[in-house]
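Open the model in your viewer and keep the sequence panel beside it. This tour goes stop by stop: what to select, and what is there.

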Amino acid sequence: MSELASESVSTVREIFEYALIRVVPRIERGESLNVGLIVYSKSFRFLRTRIELNEPRLKALDPGADITAVRAALRAFERACTEGPLAEQPPGERFRWLTSPRSAIVQPGPVHAGLTADPAADLTRLFNALVAP
């Protein structure tokens, strides 16, 4: 098979970036719980989050954690990805804003990169590997 024919059969892989979303119930302790993931791919025009709070794990980390406040902060993070004034910005700018370091109960982890042919599938794969219990 020629190189050109081989290329047309293969799946195109493009760069994507992702970051964990963590809950840090007590900043002074520095302990965190991975609760979600944000994935961005410029080539695929893809920006999505997946967040699931495991309350028993959070309570094990901090028995006094305010679950209602944590859920509200996570909803605000999710909405910022798709709604409000930030949603008017290009996906790359939204991703950079959402992944910028902050001292709050919901924090992004460091940004990592990879190659993908299907960012939605990678969102699921990474979520299952890095977040799901």
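Select Leu74 first. Setting aside neighbours within four places in sequence, Leu74 is in contact with Ile21, Val23, Val35, Ile51, Leu53 and Val106. Contact here means heavy atoms within 4.5 Å.

Before moving on, note what you are looking at. This is a predicted model, where local features need pLDDT of at least 70 and side-chain atom pairs count only at pLDDT 80 or more, while totals for chains, interfaces and linings use all residues. Residues are numbered from 1 along each chain as its sequence is written, and side-chain values use heavy atoms, with hydrogens and water left out.

**The cores**

Now widen the selection. The largest nonpolar core has 22 residues. Such a core is a set of buried Ala, Val, Leu, Ile, Met, Phe, Trp, Tyr and Cys residues joined through side-chain atoms within 4.5 Å. Buried means under 20% relative accessible area, exposed means over 50%, and partly exposed lies in between (1.4 Å probe, protein chains only). Ile21, Val35, Ile38, Leu53, Leu58, Leu74 and Leu98 have the most contacts inside this core. At least two core residues come from each of β1, β2, β3, α3 (67-82) and α4 (91-98). Helix α3 gives the largest share, six residues. Helices (H or I, at least four residues) and strands (E, at least two) are DSSP runs, numbered from the N terminus.

Apart from this core lies another, of 10 residues, with Phe16, Leu123, Leu126 and Phe127 among them. In soluble globular proteins, nonpolar side chains tend to be buried together.

**Val106**

Go to strand β4 (residues 106-108), where Val106 is found. Is Val106 buried or exposed? Its relative accessibility is 6%, so Val106 counts as buried. Leaving out neighbours within four places in sequence, Val106 is in contact with Ile21, Arg22, Ala73, Leu74 and Phe77. Val106 and Val35 are 71 residues apart in sequence, and 9.2 Å apart in space, C-alpha to C-alpha.

**The hairpin**

Select β2 (33-41) and β3 (46-51). The two strands pair in the antiparallel sense over six bridges. Strands pair if DSSP finds at least two bridges between them. Val39 stands opposite Arg48 in β3. Four residues lie between β2 and β3 in this hairpin, and Arg45 in the turn has a positive phi of about 50°.

**Helix α5**

Move to α5 (residues 119-130). The helix has 12 residues and reaches 16 Å from first C-alpha to last, close to the 16 Å expected at 1.5 Å a residue. The expected span is 1.5 Å times one less than the number of residues. Colour Pro119, Asp122, Leu123, Leu126 and Phe127: these are buried. Seen down the axis of α5, the buried residues fall within an arc of 135°, so they line one face of the helix. That arc is taken from the directions from the helix axis to the C-beta atoms. Their cover includes β1 (14-23), β2, β3 and β5 (112-116).

**Salt bridges**

Asp122 and Arg125 meet in a salt bridge (2.9 Å, N to O). A salt bridge is a side-chain nitrogen of Lys or Arg within 4 Å of a carboxyl oxygen of Asp or Glu. Asp122 is buried at 11% relative accessible area, whereas Arg125 is partly exposed at 46%. The count comes to six salt bridges.

Last stop: select Arg26 and Glu28. Their closest N and O atoms are 3.2 Å apart, in a salt bridge. Arg26 is partly exposed at 34%, and Glu28 is exposed at 61%.
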